[in-house]
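Trainee: Hi! I have a new structure to look at and could use a hand. Can we go through it together?
Mentor: Happy to, let's bring it up.

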Amino acid sequence: MVASRGNNSNPARIPGLGFRVLVLILISILLMYFDHRDNHLDGIRRAVGAAVYPVRIVVDAPVRFWEWLGESTTSRNELELELGRLKAERLLTNARLQRLTALEAENARLRGLLDARTRVRDEVRVAQIMAVDANPYEHNLVIDIGSRDGVYDGQAIVDANGVVGQVIETGIMTAQAVLISDADHALPVEVNRNGLRTIAVGTGEIDRLDLPFLPNNADIRVGDVLVTSGLGGAFPSGYPVAVVNRVTRIPQEPFADVSATPAAALDQVREVMLIWSAPSVTEEAPDE
Amino acid sequence: MSRDRASRRLPVIITLIVGLMLTIMPLPEAAAAFRPDWLALLLIFWAIQLPRTWSVGSAWIVGIVLDVSYGTLLGQHALALSVIVFATVRFHLLMRVFPLSQLGATIFALLALYQFILFWVNGVAGVTAPSIAYWAPVITGTIVWPFLYIFLSGVRYRARSGA
């Protein structure tokens with residue numbers, strides 16, 4: 001392996017190496033400092049992110065191709081079966097939707113009686129998750145729309161069953177989001193049954209959230225549905241988050257040990273919905 | 001001369017892009033924690049072989065790209081990569097004549113240093129401390145190193161004879 005070729009074989013030291021590495025270390029530390037303190041470096045991130053975009057596309061391509069292949073080779077028979085299933089499902093959903101319209105009207109009327117502002121419907125848009133896996137120690141995902149489509153930092157992401165996560169970094173054509181199961185993520189929720197408010201904290205496990213701030217005597221049971229309370233401001237209220245699956249009360253401890261299973265299939269989703277929530281109601285309601 | 005240099009750089013750039021792809025390629029949840037640090041290994045290899053062209057500067061740029069695609073603090077991977085590549089370039093002559101076992105131990109130490117710097121920065125920045133599996137890439141990286149070494153030597157030889 002002793003290379004003896006060209007200009008590399010000169011056994012002399014590489015000139016200026018120590019100086020260069022010192023400068024680079026200093027620049028890195030400065031960058032980290034500014035990045036940590038406040039996000040003045042979004043421009044740099046965006047520029048580098050745009051440069052990485054083609055690589056993401058290429059990594060994503062085989063998975064897309066495989067799916068496309070699977071779709072285009074399914075037999076007519078299977079397609080017809082699926083069509084039938086979808087039709088039945090649509091009928092059901094439509095029926096439910098009718099009831100929802102009636103309920104919404106009733107809700108608006110009641111809110112009118114209570115003199116609260118009516119809730120405005122949220123705008124949604126479907127995004128594809130790119131098959132790009134970033135950091136294994138964080139539960140992140142990358143979606144295929146970015147600031148060009150109006151995505152903004154902190155935006156809520158849901159799927160058909162519940163809350164998935166929120167956008168943490170917006171590129172031009174892609175955006176990165178953190179899942180609610182990430183160990184650094186916390187989400188204000190309320191129990192659908194009785195309106196009990198608490199915080200659901202990610203655990204780093206994809207199928208578990210913890211509710212660490214519930215006192216021992218809190219009214220919570222296994223099977224309770226947790227929905228977003230909308231108090232944090234990031235998530236619109238009323239989206240299902242998780243179902244309580246374990247409540248352990250230890251007499252000496254101040255807090256009950258409660259965990260819940262996320263409603264959304266966090267590790268299976270391929271398509272998600274981004275929510276553009278209408279200007280929030282919660283901020284103005286109280287002082288009247 | 002400049003054409004010669006460009007043709008020598010191209011294979012390395014291609015290996016780095018492939019390395020980035022391997023880094024962001026989706027893996028099953030269980031396997032993802034064991035993914036080797038491909039870019040660190042690649043940069044170490046090229047720093048041993050061509051330390052005048054592939055040194056701390058390129059390591060730093062690759063690190064920034066990694067920071068952006070990981071969404072970590074900007075400069076974190078850049079710092080860690082430039083430090084280990086600095087150590088590599090400093091001792092590249094020695095590492096060229098190391099027997100494979102000794103080289104493996106050195107790679108292990110470099111990867112451990114790399115993970116340690118990342119770990120340390122995380123600690124200072126207050127990011128949640130990960131589990132013991134955090135150190136798994138050090139071991140898998142050392143295991144894949146000999147194969148990567150043989151493969152990259154082939155790439156290097158072919159690129160040179162083709163040019």
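Mentor: One term before we start: two strands pair if DSSP finds at least two bridges between them. Also keep in mind that this is a predicted model.

Trainee: Okay. How many bridges join strand S1 to strand S2 in chain A?
Mentor: Two, between S1 (residues 123-130) and S2 (residues 140-143) of chain A, and these strands run antiparallel. In that region, Met130(A) stands opposite Val142(A) of S2(A).

Trainee: And what do the strands of chain A build, in what order?
Mentor: They make a closed barrel of six strands, in the order S1-S2-S5-S4-S3-S12, with antiparallel pairing. From one strand to the next the twist averages 45°.

Trainee: Which strands does helix H2 of chain A touch?
Mentor: Helix H2 (residues 42-72) packs on the sheet and touches S1, S2, strand S4 (163-170) and strand S5 (175-179) of chain A. The direction of H2 makes about 70° with that of S1(A).

Trainee: Switching topic: what is the mean pLDDT of chain A?
Mentor: The mean is 79, and 86% of the residues of chain A reach 70 or more.

Trainee: Where does pLDDT stay under 50?
Mentor: One such stretch is residues 1-10 of chain A, with 17 contacts in the model beyond four places in sequence. Another is residues 280-288 of chain A, with five contacts of that kind. Where pLDDT is low, the predicted coordinates should not be read in detail.

Trainee: Good to know. Now the largest nonpolar core: which residues touch the most other members?
Mentor: Leu81(B) and Trp145(B), out of 61 residues in that core. Helices from both chains each supply at least two residues, including H1 (17-37) and H2 of chain A and H8 (136-162) of chain B. H3(B) gives the most, with eleven residues.

Trainee: What is Leu81(B) in contact with, leaving aside neighbours within four places in sequence?
Mentor: Its partners are Ala40(B), Leu43(B), Ala59(B), Val62(B), Gly63(B), Leu66(B) and Tyr114(B). There is also a second, separate core of 40 residues, with Ala127(A), Ala177(A), Ile206(A) and Leu214(A) among them.

Trainee: One last residue. Is Arg35(B) buried or exposed?
Mentor: Arg35(B) is buried, because its relative accessibility is 8% and the cut-off for buried is under 20%. You will find Arg35(B) in the loop between helix H2 (29-32) and H3 of chain B.

Trainee: Which backbone oxygens does the side chain of Arg35(B) reach?
Mentor: A polar atom of that side chain lies 2.6 Å from the backbone oxygen of Leu22(B). The side chain of Arg35(B) also reaches the backbone oxygen of Thr23(B), at 3.1 Å.

Definitions and conventions:
Residues numbered from 1 in each chain as written. Chains lettered and ligands numbered in written order. Predicted model: local features only at pLDDT ≥ 70, side-chain atom pairs only at ≥ 80, totals over all residues. Heavy atoms only, no water. Helix = DSSP H or I, 4+ residues; strand = E, 2+ residues; numbered from the N terminus. Axes fitted to C-alpha atoms, helices over the stretch in contact; angles between N-to-C directions. Contact = heavy atoms within 4.5 Å. pLDDT = per-residue confidence, 0-100. Core = buried A, V, L, I, M, F, W, Y, C linked by side-chain atoms within 4.5 Å. Buried < 20%, exposed > 50% of the residue type's maximum accessible area, 1.4 Å probe, protein only. Polar contact = N/O pair within 3.5 Å; in protein donor to acceptor, adjacent residues only side chain to side chain.
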